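Please look over the sequence and the model below before reading on. The paragraphs after it go through a few parts of the structure in turn.

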Amino acid sequence: MPRDATSPILVADIGGTNARFGLIDGRAIREVRILRVADYSSLEDAASAYLSAVGLAETGAPGRPRRGAFAVAGPVTGDRVAMTNLVWQFSIGRVRDALGLVEGLAVINDFTAVALSVPRLDSSDRRQVGDGAPQPGGVIAVLGPGSGLGVSGLVPGAGGRWSALSGEGGHVTMAPISDRESAVLGQLRKSFDHVSAERVLSGPGLVNLHAALSILDGREPPALTPAQITESAVAGGNPHCVEAVEMFCAMLGTVAGNLALTLGARGGVYIAGGVVPKLGPLFTHSRFRKRFLEKGRMRDFLTPVPTYVVTHELPAFLGLAEAAGALES
């Protein structure tokens, strides 16, 4: 069946609590709605409710999507998808048919969607930290500290398409650079058998850093959320909040540099996720870039590699449009 170029793409970013739906025409994202997953018994029900809410419930209605792309919090290894931390399980083929997506439905991991957004970002969707310039056609590295630590890479292919690497790089062992970091990781090893990068470079990781620093200084750590720690650090308040965020930024620089060396990421390194964009100038002036470059003999290799913070509000939607475009191939 020939593709209808006038039909928008139905996109959805489905997490454990909320499902964000929208329509994409080119780069334009419209009709974004957030639905509580607990209010719906299945993905089909939630998607149908969304289409009804935007006036596209009737099959064959003008402007109704004929292609779709969904991001889910969990692995996608076949037609049957069971989402992490969510009771929804579904067949990709069944959902495709139920929603009338006759041109296809792509379902990918949520961080894969974020990674695939990078080729669609423009200069207003990112903020560069430090110097460097991307090598055209170079491999790109992507990290995303949020509820966990997403790690991916983008490899260029034929026809301008990109392939996203799927792995579990957030669970690599975190290595200390200073005595203070060694002490923090030692404290965390009392609670965790394995202190991975994700244990410190995520929202929960920020809480772990703050608690460990407080305990090391003989203080009972208060019960703070990642947002409260970040807000206090930005305001220059609680010294342990400030140190936790400073250590977070420095450690992220170390992990980003490791990833750039591993992938040979001459196309740049992109930091996405919900934590870093909220830090604003604090991240820009942190030790992130300094630590990114501190790789001894490999410093000259990393110096020309640019590092960016993704500032687009819905990068997963852009990545889903990229995934839906692959359905044409």
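Predicted model: local features only at pLDDT ≥ 70, side-chain atom pairs only at ≥ 80, totals over all residues.

Arg120 forms a salt bridge with Glu322, and the closest N and O atoms are 2.9 Å apart. Arg120 lies in the loop between α3 (110-117) and β8, while Glu322 is in helix α11 (residues 315-325), so the pair ties together parts that are 202 residues apart in sequence. Glu322 has a relative accessible area of 9% and is therefore buried.

The structure holds 12 salt bridges. Another of them is between the side chains of Glu31 and Arg33, at 3.2 Å from N to O. Glu31 is partly exposed, with a relative accessible area of 32%, and Arg33 is partly exposed too, at 30%. Glu294 forms a salt bridge with Lys290, where the closest N and O atoms are 2.5 Å apart. Glu294 is partly exposed, its relative accessible area being 34%.

Strand β8 (residues 126-129) pairs with β13 in the antiparallel sense, over four bridges. In this pairing Arg127 stands opposite Val309 of β13. Strand β12 (residues 269-271) and β13 run parallel and are joined by three bridges, with Tyr270 opposite Tyr308 of β13.

In a regular strand the side chains alternate between the two faces of the sheet. Strand β13 (residues 307-310) is covered on both faces. Thr307 and Val309 on one side are buried, and so are Tyr308 and Val310 on the other.

By class, the lining of the second largest pocket has nine nonpolar and four polar residues, and no charged ones.

Gly157 is found between β10 (149-156) and β11 (162-164). With a relative accessibility of 41%, Gly157 counts as partly exposed. Gly157 and Glu58 are 99 residues apart along the chain, and their C-alpha atoms are separated by 38 Å.

Technical notes: Residues numbered from 1 in each chain as written. Heavy atoms only, no water. Helix = DSSP H or I, 4+ residues; strand = E, 2+ residues; numbered from the N terminus. Buried < 20%, exposed > 50% of the residue type's maximum accessible area, 1.4 Å probe, protein only. Pairing = 2+ DSSP bridges. Nonpolar A, V, L, I, M, F, W, Y, C, P; charged D, E, K, R; others polar. Salt bridge = Lys/Arg side-chain N within 4 Å of Asp/Glu carboxyl O.
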